[in-house]
Amino acid sequence: MATAVASTGILLAGWQSGAHIAETGASTTTSLSSSATSDSSTGTGTSTTGGTGTGSSSGTSAKSTTAATYDGAAVPTRFGTVQVQVTIQDGKITEVTPLELTDAERKSAQISSRAAPVLRSEVLQAQSASVQTIGGATVTSDAYLTSLQAALDAANF
Amino acid sequence: MQQTSKNQQLRARTFPSMGTVVGVTAASTAPAQTAVDEVESAVDVVEGIFSQLDLTFSLYRAGSEASRLDRGELTLAYASKTMQELYAEASEWRLATDGAFTAERPDGGLDLSGIVKAHAMREAALSLRALGLKDWCVNAGGDVLVNGSPEPRPSSPIHEPWLAGIVDPLDRQALLGAYPLRAMSALATSGSAERGEHIWAVGSTRPDFAQVSVAAPDIVTADVLATAIVAGGTHSLDQAVDKWGVEVLAVRRDGTMLATPGFRNAA
């Protein structure tokens, strides 16, 4: 029962983030955004279980109750791509196994490094006071005169 | 706003070139007068490089080598080495991007101006390093190339990266976000928002993106790919990320955005 509730929770989170991405992105990169969706939704699930570690409560009452195995999504982290397999028995995680990535899965992990739809709140925010230079401001001399870059240059003269 | 530490300062100087404004900002821990001397010698060198290349490549100067080539008074075989090399480089990029980047105008004429500014920045970087300057930022019409840090700490190997704001194409007085320039020390932005529709979309369709920013380890790659993505749309974006591993922030005409991980918050 606990398992069912937990997985419903993950499903719900997945569905919500899916809806959220669909709402921000237009029609163009459908396949990309769906792969990003599954990554991010399962990503939250896997990282929490990964945090508990391999040694968590293994070998509790080895009775022949139903055990289910779930493959997590390949999650790109700053340590590289991580994918785990989680075995759940009696509502408890009994085993977390790192999976070897196949070439096909490596490919799908690569896809997650592609561009995905983002909200403004999801990119690094900055005010002109906190940056030292401005990209994309001034293609023409006239545009430069009224640009943020001109203000920065004047401030640093 | 008062700067917290007076022995760490940014000094900037600008000059007009190639139809836009080029700025050189240098960070220095040296005493004020020395810092001023440093930035002024830096900007002199950079301006020299830009002026020289502009004389050769400007299509707005009737007597330039590029104009003579354009009118057919000169053939590529007899052109200068720089002209030949840049033409070859542009041709390689055209092949590599499946034609999304091209130095040929729709009328068949040759226009290397798309790659000349980035080339000038690349040359400027070589000269600044040769001068022994470590912490600087060159901004040529919104394309950025940096070295070192805006807050150099000679005693520490860890330093703050230069932080580049990305202008909002729908409101040029606002920033969409920012990008910290580390190993990807170059940031180029192309768009159809300024200079009208100066990039021709492949198959003459309306471009997907109003503005595309590309961060790469070198400025020519960043600049070429930003142009290619504006022209080639989502297909070119995916190709650029797969093939060259660059970071991209692309803004669609309706203001929605696509971003690779490096442009997202957590990065």
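1. Buried area is the accessible area, taken with a 1.4 Å probe, that two parts lose on being put together, summed over both. In this predicted model, the area buried between chain B and chain A is about 4300 Å², with carbon and sulfur atoms giving 53% of that figure. The contact involves 54 residues of chain B and 46 residues of chain A.

2. Polar interactions across the interface of chain B and chain A come to 14 residue pairs in polar contact, both residues of a pair being at pLDDT 80 or more. Strand 6 (residues 171–181) of chain B gives the most to the side of chain B that touches chain A, namely 8 residues, and that side as a whole divides into 27 nonpolar, 17 polar and 10 charged residues. The count of salt bridges between the two chains is 1, and the side chains that meet in a salt bridge are those of Asp168(B) and Arg120(A), at 2.9 Å from N to O.

3. An open sheet of 9 strands with antiparallel pairing runs in the order 6(A)-10(B)-9(B)-8(B)-7(B)-4(B)-3(B)-2(B)-1(B). Its edges are strand 6 (116–118) of chain A and strand 1 (9–17) of chain B, each of which pairs on one side only, while the twist from one strand to the next averages 15 degrees.

4. Within chain B, strand 3 (residues 136–140) and strand 4 (residues 143–147) run antiparallel and are joined by 5 bridges, with Ala140(B) standing opposite Asp143(B). Helix 5 (residues 219–244) of chain B lies across several strands of that chain, including strand 4 and strand 8 (209–216), and runs at about 130 degrees to strand 8.

Note on methods:
Residues numbered from 1 in each chain as written. Chains lettered and ligands numbered in written order. Predicted model: local features only at pLDDT ≥ 70, side-chain atom pairs only at ≥ 80, totals over all residues. Heavy atoms only, no water. Pairing = 2+ DSSP bridges. Helix = DSSP H or I, 4+ residues; strand = E, 2+ residues; numbered from the N terminus. Axes fitted to C-alpha atoms, helices over the stretch in contact; angles between N-to-C directions. Contact = heavy atoms within 4.5 Å. Salt bridge = Lys/Arg side-chain N within 4 Å of Asp/Glu carboxyl O. Polar contact = N/O pair within 3.5 Å; in protein donor to acceptor, adjacent residues only side chain to side chain. Nonpolar A, V, L, I, M, F, W, Y, C, P; charged D, E, K, R; others polar.
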